[in-house]
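Hi everyone, thanks for having me. Let's look at a protein together and walk through it from the whole chain down to single residues. Please have a look at the picture first.

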Amino acid sequence: MSPDEIKAVLQAAFDRCDVASCPLSDMQKGILLQILEQIKGSQTGVSDSANPLDELTKQELQAFLEFFKAQEQQDGSWKAQLLNDWLNENDSGAVQFIRDRYGLSWLNRIEPYHFDKYFTKDVLKLKVGDAPAGSLTIGDRIEICNALWEWVQDNGPCTPEWYPCIVINVNQISDGDSSSTDCIVRFYNGAEFEIQGMYEWNRVHWRRGS
């Protein structure tokens with residue numbers, strides 16, 4: 001379906017809600033239509049190169065990054081959480097100001113790479129308890145070898161290659177007397193990859209980035 005066809009379907013759904021005596025609020029309709037506009041923009045290649053996070057005040061940025069960090073640790077979608085709050089007209093707590101002051105159009109401009117600028121700041125540092133000295137933290141930039149997902153040889157047809165990425169989650173796993181550390185990294189194209197045994201059996205497959 002084209003975006004225009006989807007918009008027509010949405011409008012028909014709005015009308016049916018009205019007929020069924022359960023109308024959506026203007027805010028709810030606006031959220032759904034704004035999401036549609038975002039889809040249209042991505043299909044036409046329209047994007048905003050400015051970082052929306054730069055528009056926040058220092059206090060707002062601190063609160064928003066803490067909210068983002070908490071959602072990442074819980075393997076949740078921070079944007080979905082905010083949209084659910086807005087659709088259900090729930091209070092978003094410390095980040096309620098986003099809805100009140102900036103709105104959906106600002107929210108929809110944010111892409112995963114916009115956080116990269118702030119990942120190296122202390123606000124997103126998260127140490128792993130009992131991890132080895134010099135352990136990785138969220139926001140660290142590293143390079144990982146393609147040997148993690150394919151067979152490579154120094155002199156073979158597939159040679160080792162290194163890819164820059166950023167750490168987005170670190171988790172220590174305990175199993176009786178043994179323990180290991182898993183790490184999730186995000187490549188600059190947005191793809192994510194989980195590395196098991198980060199300090200144990202896979203230590204040779206990553207190195208710190210610049």
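Let me begin with contacts. If we take the contacts between residues at least 6 apart in sequence, 52% of them join residues at least 24 apart. Please keep in mind that this is a predicted model.

Reading from the N terminus, the order is α-α-α-α-α-α-β-β-β-β-β. The chain has 210 residues, and 40% of them count as buried. The exposed surface comes to about 12200 Å², with carbon and sulfur atoms supplying 50% of it.

Now for the inside. How many residues does the largest nonpolar core have? It has 23, and the ones with the most contacts inside it are Leu53, Phe64, Trp78, Ile98, Trp106 and Leu107. Helix H3 (58-73), helix H4 (78-87) and H5 each supply at least two residues of this core. Apart from it there is another core, of 14 residues, and among them are Ile142, Cys165, Val167 and Phe187.

Let's stay with helix H5 for a moment, at residues 96-107. Its 12 residues would reach 16 Å in a straight helix at 1.5 Å a residue, but here the end C-alpha atoms are only 12 Å apart. Is H5 mostly covered or mostly open? Mostly covered, as 9 of its 12 residues are buried. Those buried residues include Phe97, Arg99, Tyr102 and Leu104. Ile98 is also one of the buried residues of H5. Leaving out residues up to four places away in sequence, Ile98 touches Phe64, Leu82, Trp86, Gly103, Trp106 and Leu107.

Next, the strands. Tyr163 sits in strand S2, residues 162-175. Along the chain, Tyr163 and Tyr188 are 25 residues apart, and their C-alpha atoms are separated by 9.2 Å.

Moving on to strand S3, residues 178-187, we find Ser180. Ser180 counts as buried because its relative accessibility is 13%. Beyond its neighbours within four places in sequence, Ser180 is in contact with Asn171, Gln172, Ile173, Gly197, Glu200 and Trp201. Tyr199 is 19 residues from Ser180 in sequence, yet the two are 7.3 Å apart in space, C-alpha to C-alpha.

What about a loop? Asp140 lies in the one between helix H6 (116-119) and strand S1 (141-145). With a relative accessible area of 11%, Asp140 is buried, and a polar contact of 3.5 Å joins its side chain to that of Arg208.

Finally, the cysteines. How many disulfides does the structure hold? It holds 0. Cys22 is in no disulfide, and the nearest cysteine sulfur, that of Cys17, is 4.7 Å away. A disulfide here needs two cysteine sulfur atoms within 2.5 Å. Cys22 is partly exposed, with a relative accessible area of 43%, whereas Cys145 is buried, with 4%.

That's my tour, and I'm happy to go back to any part of the picture.

Key:
Residues are numbered from 1 along each chain as its sequence is written. This is a predicted model: local features need pLDDT of at least 70, side-chain atom pairs count only at pLDDT 80 or more; totals for chains, interfaces and linings use all residues. Side-chain values use heavy atoms; hydrogens and water are left out. Helices (H or I, at least four residues) and strands (E, at least two) are DSSP runs, numbered from the N terminus. Buried means under 20% relative accessible area, exposed over 50%, partly exposed in between (1.4 Å probe, protein chains only). Contact means heavy atoms within 4.5 Å. The expected span of a helix is 1.5 Å times one less than its number of residues. A polar contact is a pair of N or O atoms within 3.5 Å; within protein, one must be able to donate a hydrogen and the other to accept it, and residues adjacent in sequence count only if both atoms are side-chain atoms. Accessible areas come from the Shrake-Rupley method with a 1.4 Å probe; for residues, only the protein chains shown count as cover. A nonpolar core is a set of buried Ala, Val, Leu, Ile, Met, Phe, Trp, Tyr and Cys residues joined through side-chain atoms within 4.5 Å.
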